Amino acid sequence: MSNGELVKFKIEAFQESDYEGSPVDTFTVMFNPNNYSQKYEVEYHDRQGAGDTASPQVFGKIKPQEYNFEFLIDGTGTAVDKVDVNETIQHFLEVTGKNDGDIHRPRYLKLSWGTLLVKCVLKSAEMAYSLFNPDGTPLRAKIRAVFSENVEDTLRVAEAGNNSPDLTHIKTVRAGDTLPLMTYRIYGDSSYYLQVAEVNELTDFRKLEVGQKIFFPPVSKVGK
């Protein structure tokens, strides 16, 4: 921030995949990470015939990005207020990875720190303990966490940006848009607009709202 205020790395947990509403719980780290890694991976498949010495790489998919972090938990009280290491780790796991009985799965997460803003889920967490009381109680630990990018279906399809009428599209209504015009942009034929209206359960296709999301199925599934 411009005023020099320290911003702590924060993990917010949501029960809805669209991240609507307020987070149900939050985990704020004790110390910001010194570094983190971000993995971007594109998957290709070999298409090699018998006797070929090489093969073209056929595009498969772009995998969800992965983010690796290491968080330090210090229960000695020398650097920050004293905490219970075990309780802090349990809170981290409850926020990020434990099964939420209301949704029957771990929660959807949002990581935020500086310019970093990631919607994701926890993929794995490894705890390493390095300092102990005489009775064996841990005083210091590191959490090595891997998060996998999580993009809801409508946003994923929109971000793909593929323009083929044989693919699914999610488009946002802009000022001046009409359903026939949007249908023409997707299919090259505005006459599909009634079928699109039916798919989207639009009671009046003439009244589109700016910012509204419209679903356009593959042309083969629209029909006339």
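Helices (H or I, at least four residues) and strands (E, at least two) are DSSP runs, numbered from the N terminus. The model is predicted: local features need pLDDT of at least 70, side-chain atom pairs count only at pLDDT 80 or more, and totals for chains, interfaces and linings use all residues. Residues are numbered from 1 along each chain as its sequence is written, and side-chain values use heavy atoms, with hydrogens and water left out.

**View 1. Glycine 97 in the loop between helix 1 and strand 7.** Glycine 97 is partly exposed at 31% relative accessibility (buried means under 20% relative accessible area, exposed over 50%, partly exposed in between; 1.4 Å probe, protein chains only). Leucine 122 is 25 residues away along the chain, yet the two C-alpha atoms are separated by 6.0 Å. Leaving out residues up to four places away in sequence, glycine 97 touches Phe92, Pro106 and Leu122 (contact means heavy atoms within 4.5 Å).

**View 2. The aromatic pair of phenylalanine 9 and phenylalanine 69.** The structure holds 14 aromatic pairs. Rings of Phe, Tyr and Trp (its six-membered ring) pair if their centres lie within 6.5 Å; planes under 30 degrees apart count as stacked, over 60 as edge-to-face and the rest as tilted. Here the centres are 4.9 Å apart and the planes meet at 65°, so the pair is edge-to-face. Phenylalanine 9 sits in the segment before strand 1 (10–14) and phenylalanine 69 in strand 6 (residues 66–74), so the pair ties together parts 60 residues apart in sequence. Both phenylalanine 9 and phenylalanine 69 are buried. Beyond its neighbours within four places in sequence, phenylalanine 9 contacts a list of residues including Phe27, Pro33, Phe71, Leu111 and Trp113.

**View 3. The aromatic pair of phenylalanine 27 and phenylalanine 92.** The ring centres lie 5.3 Å apart with planes at 80°, so this pair is edge-to-face. Phenylalanine 27 belongs to strand 2 (residues 25–28) and phenylalanine 92 to helix 1 (residues 85–96), 65 residues apart. Phenylalanine 27 is buried at 5% relative accessibility. Phenylalanine 92 is buried at 0%. One aromatic cluster is formed by Phe9, Phe27, Tyr36, Phe69, Phe71, Phe92, Trp113 and Phe147.

**View 4. The largest nonpolar core, with 25 residues.** A nonpolar core is a set of buried Ala, Val, Leu, Ile, Met, Phe, Trp, Tyr and Cys residues joined through side-chain atoms within 4.5 Å. Phe9, Ile11, Phe69, Phe71, Phe92, Leu111 and Phe147 have the most contacts inside this core. Strand 1, strand 6, helix 1, strand 7 (108–113), strand 8 (116–132) and strand 9 (138–149) each supply at least two of its residues. Helix 1 gives the most, with 5 residues. A second, separate core has 12 residues, among them Leu179, Tyr192, Phe205 and Leu208.

**View 5. Serine 37 in strand 3 (residues 37–39).** Serine 37 is partly exposed, with a relative accessible area of 37%. Glutamate 66 is 29 residues away in sequence and 8.1 Å away in space, C-alpha to C-alpha. Not counting residues up to four places away in sequence, serine 37 touches Glu66, Tyr67 and Asn68.
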